[in-house]
Structure formats: structure tokens, C-alpha cells
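Trainee: I would like to learn how to read the features of a protein model. Could you walk me through one?

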Amino acid sequence: MEPRIQYAKAADGVSIAFWTLGEGPPGVQMPNLPWSHIQLEWQLPGCGRWYERVAENRKLVRYDGRGCGLSDRNAADYSVDAHMLDLQAVVERLGIQRFALVSSRAACPVAIAYAARHPEAVSHLVLWCPWVPQEARSQAFRALREGDWELYTEAAAHAALGWSTGEEAHRYAAYLRECATPETTRAIYDALAEFDVATVLSQVRSPTLILQRRQVAVLPSLEVAKGLASGIPDARLALLEGASDIPWVGDEEAVLAAVDEFLGDSEPAPAGAEQRAAGGLCTILFTDVEGSTALTERLGDAKAREALRNHERIVREALRAHGGAEVKAMGDGFMASFSSATRALECAIAMQRAFAAHDDEHPETPIRVRIGLNAGEPIAEEADLFGTAVILAARIAAQAKGKEILVANVVKELAAGKGFLFADRGEVALRGFEGPVRLYEVRWGEER
């Protein structure tokens with residue numbers, strides 16, 4: 001049965017169509033720009049079965065990008081930033097805080113940019129047969145697209161299916177013509193071509209799997225896949241057999257096995273970490289290195305990475321010493337949980353003092369970290385935490401400046417009488433929350 005179509009509103013007012021299928025850890029499948037139609041694709045042979053297989057172990061989210069399928073067809077902006085707004089609208093509409101992100105072909109640069117900009121949100125990044133418009137602007141294909149739309153879609157369909165089909169390719173070409181107009185297709189490709197994905201590859205912190213079929217030959221896909229794998233830190237490249245860049249055409253079992261194995265990977269919890277009780281009260285702590293991008297530009301990749309490794313070491317040592325459970329690392333930040341607000345505050349103070357000592361010893365590579373804390377009863381799924389309590393903790397951390405610790409009122413109340421000094425920072429409007437939130441700064445210097 002086809003899933004129910006829903007809509008989300010992007011920040012610039014564009015309506016984005018999406019559906020969800022299955023239950024479990026969330027995975028978001030981006031549209032293959034511009035060829036996307038989340039309703040008609042269920043009529044393609046093998047497509048519906050493919051989605052059902054993918055959704056067996058997770059909650060699958062699929063959406064149409066702006067200008068495509070059932071989403072608004074009259075968008076004015078098709079840039080990489082605009083396509084990221086589409087993705088953000090869908091995950092915010094569903095209340096998803098952390099998810100596996102799956103992208104294919106021309107949409108891969110958008111996924112890479114999103115993962116680089118939102119490391120806290122993307123648990124895993126999967127790139128299927130990626131290509132970038134700068135590498136794929138074949139003059140012949142461009143001329144064909146401009147001159148004969150029907151012939152262009154027929155050629156694109158035959159290429160996608162491996163050049164060896166007849167009637168099936170005609171049906172697929174008809175589907176492509178329903179996905180987007182010639183004008184929108186041109187606008188999307190031209191806008192994506194303005195973005196140089198190489199500038200953000202080194203900023204990706206999510207575990208990344210790049211899947212590429214060896215015999216896909218219409219575009220320099222294999223070369224692109226190798227280039228992305230060498231540019232994204234610790235990315236894996238899996239080469240599969242086949243000539244089609246449609247995952248359910250050909251050996252789909254090999255694709256499913258590779259993706260399931262990759263998404264099933266998890267890091268063991270640090271030694272000494274406490275166990276979290278599902279639905280129980282806990283205090284959530286976020287750290288974030290202030291100006292991490294500027295730090296990289298100033299110090300260069302190698303020295304900046306060394307500074308971030310010191311951040312990781314200090315945070316993990318403090319968590320072990322104070323019974324904190326590392327939920328996830330996000331490149332330039334951490335999320336952790338504690339069963340005690342007192343221990344969470346003691347841990348945050350220990351971190352800031354350790355960072356200050358580091359800066360005294362290494363003034364050339366200072367680490368300015370902001371820390372935010374909130375308490376509540378988050379939803380526990382697998383090794384992650386979700387819900388309003390988590391969102392608020394992240395928003396509070398974003399309000400802090402380097403070397404500051406900010407907390408919600410509930411944390412202050414839970415730690416009453418424990419000797420901590422708090423300074424009232426007043427009520428602050430936080431994105432996604434209707435009313436203002438009162439914040440307190442934790443004094444962690446010698447005056448404590």
C-alpha cells in the first residue's frame with residue numbers, strides 16, 4: 001500500500017511533499033534531483049518493493065524536492081542552500097533530531113553540504129552513484145536537453161537502466177517527464193553547478209558510505225566517487241557490479257546488504273559510562289567548539305584537527321570522571337547524558353577548567369567551548385536520545401559564548417543547595433519554542 005502524502009513548509013514558504021514508511025531509527029531518502037515524484041515512482045517496476053525492504057528495519061522518510069513531483073512547482077530558488085531548506089522542513093515537521101541521510105546522483109552535493117553544516121543531525125551519510133554537475137555537464141546531453149526534451153528523457157532513461165532495455169526504458173522516460181518541466185530541470189542543474197562541493201568535503205564528520213556500480217558509464221561517476229571518498233574524512237567506498245544507477249535495478253541485494261551493514265555499525269559506549277533508563281529523568285549536556293570553521297581557516301587542517309582532538313580528549317576524560325554517558329560526537333561538539341544534575345554541572349565545570357588550563361599551555365591553539373544543559377525525560381532509541389528536552393539543551397548551548405556554561409531553570413532547581421553559583425541571564429526566545437526560556441549562567445571560576 002502506498003504511504004500517505006503529507007506536506008511540510010520550508011523556511012522560504014515552499015511546500016514540500018513527503019511520506020514515511022516503517023518504524024525504527026529514522027532514515028531520510030533525498031530526491032534524485034530533478035527526477036523525483038513520490039507518488040508515481042510507486043508505479044515503477046521494483047520501486048515499491050525496494051522501499052518496503054529498506055523500511056523493514058527503520059522509519060524511511062522520502063520527499064520531493066522543490067520544483068519536482070508533488071512539491072511546489074513554482075519555486076524561485078534552486079540553490080544548494082534552498083534544497084537544504086527542503087530537507088530541514090521535513091525533518092522539523094516530523095520532529096526528527098538525528099537521522100541517517102541517503103542521497104543519490106545529482107543530490108549528493110546537497111547531502112554533503114547538509115552533513116557538513118549539521119553534524120549533530122546526520123548520524124550516517126550514504127551516497128549512491130554520486131556525480132556533481134561541474135563534472136557531468138556533457139555538452140551533448142545539454143544540447144539534447146535544450147533541443148529535444150522527449151529524446152533527452154529517453155536517453156536519460158536508457159542510461160539509468162544500463163542501455164539494455166526497451167519498453168521499460170520508455171516507461172521510465174515517461175515517468176521522468178512527469179517529475180519536472182524542462183525549465184525546472186535546467187534551473188536545478190544550473191543552480192547546482194554553481195556549488196563547489198570540494199570546499200566542504202573535509203568538514204563532514206558523519207560516518208560516510210559511498211556506493212558505486214562499476215559499469216555505470218554515461219557520466220564519470222566512478223571518478224567522482226573516488227574523489228569524494230578521498231576528500232571526506234574516513235569515508236568508505238564500496239564498488240558493486242552493475243550498469244544501472246537505479247538501486248533496485250540489478251543486484252539490489254548487494255546494495256541492501258551494504259547499507260544495512262553500514263547503518264548497523266555503532267560505537268561502544270566509553271568505559272565507565274552509566275546506563276540510561278528509557279523514559280527516565282536525565283540531564284543532557286551539549287558542548288560546541290566556538291568558531292570551529294574559523295579555527296580551521298586560521299590554523300589549517302592539521303593543527304585545527306589537533307585542537308579538536310584535544311577537545312575530544314578533555315570532554316571524554318571529564319565524562320568518565322563524572323559518570324556521564326557519551327550519546328554522540330559531532331565533529332566539533334558532544335552530546336552526553338547524566339542521571340544526576342549535580343554530576344552534570346560538576347562535569348561541565350571540570351571541562352571548562354580543563355579547557356582554560358589547555359589554553360594557558362597552548363595559547364597558539366585556544367579552545368573556546370560553549371556548554372548548555374537541560375533536564376527532562378527524553379525518548380531513548382537505540383543509542384540516541386530524542387525529544388523536546390534534547391532540542392532545548394542544544395538550543396541553550398547555541399546561546400552560550402565560548403567558555404560559558406548556560407543551563408535551563410530546571411537544572412538550577414535540581415541542583416539547589418549543592419553550592420553552585422548561578423547568574424540570571426533573563427528570558428530568551430529560542431527557535432522552535434513558543435514562550436521565552438529563562439537561562440542561567442554557571443560561574444565556574446575561583447569565585448565558586
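**Reading the model together**

Mentor: Happy to, and keep in mind that this model is predicted. Let's begin with a charge and a ring: Lys412 places its charged end over the ring of Tyr440, at 5.0 Å from the ring centre.

Trainee: How do I read a pair of aromatic rings, and how many aromatic pairs does a search of the whole structure find?

Mentor: A pair of aromatic rings is described by two things, the distance of the centres and the angle of the planes. Searching the whole structure gives 7 aromatic pairs. Take Trp19 and Tyr51: their ring centres are 5.1 Å apart and their planes stand at 75°, so this pair is edge-to-face. Trp19 belongs to strand S2 (residues 15–21) and Tyr51 to helix H1 (residues 47–54), so the pair ties together parts 32 residues apart in sequence.

Trainee: Are Trp19 and Tyr51 buried or exposed?

Mentor: Trp19 has 0% relative accessibility and so counts as buried. Tyr51, at 4%, counts as buried too. For contrast in geometry, look at Phe99 and Tyr114: with centres 6.2 Å apart and planes at 40°, the pair is tilted. It links distant parts of the chain, with Phe99 in strand S5 (residues 99–104) and Tyr114 in helix H3 (residues 108–117), 15 residues apart. Phe99 and Tyr114 are both buried.

Trainee: Which residues do ring pairs link into a cluster?

Mentor: Trp19, Trp42, Tyr51 and Trp248 are linked in this way.

Trainee: Now the sheet. What is the order of the 7 strands in the open sheet?

Mentor: Read across it, the order is S10-S11-S9-S12-S15-S17-S16, and the pairing is mixed. Strand S10 (325–329) and strand S16 (421–428) are the edge strands, each pairing on one side only. On average, neighbouring strands are turned by 25° against each other, direction ignored. Inside the sheet, S12 (residues 369–376) and S15 (residues 405–408) pair in the parallel sense over 3 bridges, and Ile371 stands opposite Ile405 in S15.

Trainee: Where does helix H13 lie?

Mentor: Helix H13 (residues 341–361) lies across several strands, including S9 (282–289) and S12, and runs at about 180° to S12. Helix H14 (residues 388–399) also lies across strands, among them S9 and S12, running at about 155° to S12.

Trainee: Last one: which residues of helix H8 are buried?

Mentor: In H8 (residues 182–192), the buried residues are Thr184, Thr185, Ile188, Tyr189 and Leu192. Around the axis they cover an arc of only 125°, which puts them on the same side of H8.

How values were computed: Residues are numbered from 1 along each chain as its sequence is written. This is a predicted model: local features need pLDDT of at least 70, side-chain atom pairs count only at pLDDT 80 or more; totals for chains, interfaces and linings use all residues. Side-chain values use heavy atoms; hydrogens and water are left out. Buried means under 20% relative accessible area, exposed over 50%, partly exposed in between (1.4 Å probe, protein chains only). Helices (H or I, at least four residues) and strands (E, at least two) are DSSP runs, numbered from the N terminus. The arc is that of the directions from the helix axis to the C-beta atoms. Two strands pair if DSSP finds at least two bridges between them. Axes are lines fitted to C-alpha atoms, for helices over the stretch in contact, and angles run from 0 to 180 degrees between N-to-C directions. Contact means heavy atoms within 4.5 Å. Rings of Phe, Tyr and Trp (its six-membered ring) pair if their centres lie within 6.5 Å; planes under 30 degrees apart count as stacked, over 60 as edge-to-face and the rest as tilted. A charge sits over a ring if NZ of Lys or CZ of Arg is within 6 Å of the ring centre and within 35 degrees of the ring normal.
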